[in-house]
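Try each task on your own before reading its solution.

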Amino acid sequence: MQRNLSYNEQIGDEATEWFVRFCEQEVDSATCGQFDSWLRASPEHVRAYLEISAFWQAANTMTRNVEIDSLVQRARASSNIIPLEPVGEKHSPPKKGFPRRRGVAVAACVLLTGLAVGFVSWWQLARLPTYATRIGEQRTISLKDGSTVALNAGTRVEIRFTEAARFVDLVAGQALFHVAKDPSRPFIVTSGSTRVRAVGTQFDVYQKTTGTVVTVVEGRVSVFTPTAETNTPGVASAQPAAVLLSAGQQVTVVPHEVPLAKHANAAVATAWTAGKLVFESTPLSEVIEEVNRYNRRPLSIDDPQLLRLHISGTFSTTDSAQITRFLTQRFGLVVYDTDEGIRLAHD
C-alpha cells in the first residue's frame with residue numbers, strides 16, 4: 001500500500017506503535033508520561049498521531065480514551081509546539097451550496113474509510129510476529145509450516161511467511177533452525193547483510209559482533225553475502241554468488257572478506273541447546289563475551305594481554321561460578337564482586 005504521509009516513515013511508525021498500545025489498553029501513568037514527552041518533542045509527532053487516530057475513528061475501530069485525548073490537546077496547545085496547518089489546506093472562503101458541501105463530505109468520508117481499511121491491512125503486514133529471549137533465557141518456537149526455531153539467550157527473530165517463501169530475520173543473537181521440507185517455498189534467514197537459503201535442513205546462525213557464523217547440521221544451505229556478489233562486465237543484473245555448505249561445514253561472514261567454507265564440529269556449535277559452552281582454543285575475550293550472554297552479573301577482566309590468550313574447555317550455561325573458578329585457578333586471578341558485576345584481576 002502506498003502511503004502519502006505528511007511526516008517521515010520513522011515518525012509514522014512511532015505514532016502507530018503508540019496508538020496500538022493504547023488500543024490494547026497498555027496505559028498507566030508511566031506510559032502517559034512517556035507519550036506526553038514524545039508528543040512535545042516535535043509538532044510532527046502530534047500531526048502523525050492525529051492522522052493515524054483519524055483513520056481508525058473513520059473505520060469505527062477506535063476506543064476513545066479521554067486521558068490520551070487530553071494529552072494530545074495539551075500538546076497541541078503547548079507553547080513549544082509549532083501550530084500546524086492541515087496538509088493541503090487552502091485559505092479560501094467557503095463556497096455556498098448545501099448539496100455540494102454534502103457531496104464533498106460524503107466523498108471525504110468514503111475516502112477516509114478506505115484509507116483506514118488500507119492502514120489496518122498495512123499495519124497487520126508491518127507488525128511481524130516477533131520472538132525474543134532475555135539474558136540466560138532459551139526457548140523453542142514452532143512455526144506454522146512445521147519448522148522449529150530454537151532461540152539462544154539474548155536473541156530476537158522476526159517471522160514473515162508468504163506464498164512464495166518463508167522469511168526469518170535474525171535481528172540479534174543465535175538460533176538453530178530445523179526447517180520443514182518444502183521445495184516450493186524456500187526458507188530464507190537474514191542476519192545483517194548475510195542471507196541463508198534452505199529448503200529442508202537443520203542449521204545454526206550466530207550473529208556475533210565480529211561477523212555471522214553459519215553451521216550446517218543436516219542437509220545443505222546456500223549462504224549469500226555482499227562480498228560474494230559478482231560484478232560481471234556487460235551484465236545488467238548479475239546474480240549474487242553463493243557459498244554452498246553441507247552437513248558438518250561452517251562459514252564465518254566478515255565484512256570485506258571473501259567467506260570460505262571449512263569443516264566444523266556441529267555438536268560444538270550447537271552445544272548451547274544442551275546447556276553447554278564448548279571452547280576450542282578460543283580467545284579469552286570471546287569466552288567472556290559468550291559467558292555474559294547467560295549471566296545478569298557480567299564477568300570482566302581488566303588485563304588486555306590476558307584477554308588475548310586462548311583457552312579450551314566445556315562449561316555450563318547455568319553455572320557462572322564454574323567459569324569463574326576455572327579462570328581464578330588457571331591464571332591466579334582474584335574475584336571482586338562489584339555493583340557492575342564480577343571483575344577478575346591480578347592481586
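**Exercise 1. Salt bridges**

Task: find how many salt bridges the structure holds, and examine three of them.

Solution. Start with the total: the structure holds 6 salt bridges, each being a side-chain nitrogen of Lys or Arg within 4 Å of a carboxyl oxygen of Asp or Glu. Two notes before you go on: this is a predicted model, in which local features need pLDDT of at least 70 and side-chain atom pairs count only at pLDDT 80 or more, while totals for chains, interfaces and linings use all residues. Residues are numbered from 1 along each chain as its sequence is written, and side-chain values use heavy atoms, with hydrogens and water left out.

Step 1: go to Asp145 and Arg166, whose side chains meet in a salt bridge at 2.5 Å, N to O. Asp145 lies in the loop between β2 (139-142) and β3 (148-151), and Arg166 in strand β5 (residues 166-178), so this pair ties together parts that are 21 residues apart in sequence. Helices (H or I, at least four residues) and strands (E, at least two) are DSSP runs, numbered from the N terminus. Arg166 is buried, at 1% relative accessibility; buried means under 20% relative accessible area, exposed over 50%, and partly exposed in between (1.4 Å probe, protein chains only).

Step 2: turn to Glu137 and Arg134, with their closest N and O atoms 3.3 Å apart. Glu137 is partly exposed at 24%, whereas Arg134 is exposed at 56%.

Step 3: finish with Asp319 and Arg325, a salt bridge at 3.9 Å, N to O. Asp319 is partly exposed at 31%, and Arg325 is partly exposed at 44%.

**Exercise 2. Nonpolar cores and aromatic pairs**

Task: which residues of the largest nonpolar core touch the most other members?

Solution. Step 1: a nonpolar core is a set of buried Ala, Val, Leu, Ile, Met, Phe, Trp, Tyr and Cys residues joined through side-chain atoms within 4.5 Å. The largest one has 26 residues, and Phe177, Val189, Phe203 and Val223 touch the most other members. Strand β5 gives this core its largest share, 4 residues. A second, separate core has 22 residues, including Trp272, Leu284, Val287 and Ile288.

Step 1: look for aromatic rings. Rings of Phe, Tyr and Trp (its six-membered ring) pair if their centres lie within 6.5 Å; planes under 30 degrees apart count as stacked, over 60 as edge-to-face and the rest as tilted. The count comes to 5 aromatic pairs. One of them is the tilted pair of Phe279 and Phe315, 6.0 Å centre to centre with 45° between the planes. Phe279 belongs to strand β14 (residues 276-283) and Phe315 to strand β16, 36 residues apart, so the pair links distant parts of the chain. Phe279 is buried at 7%, as is Phe315 at 6%.

Step 2: return to Phe177 and Phe203, which form one aromatic cluster together with Phe187.

**Exercise 3. Helix α9**

Task: which residues of α9 are buried, and what covers them?

Solution. Step 1: check the length.

Step 1: list the buried residues, namely Ile323, Thr324, Leu327, Thr328 and Phe331. They cover an arc of only 130° around the axis, so they sit on the same side of α9; the arc is that of the directions from the helix axis to the C-beta atoms.

Step 2: identify the cover, which includes α7 (284-291), β15 (299-301), α8 (304-307), β16 (310-316), β17 (333-337) and β18 (342-346). Just after α9, Gly332 takes a positive phi of about 65°.

Notes. Contact = heavy atoms within 4.5 Å.
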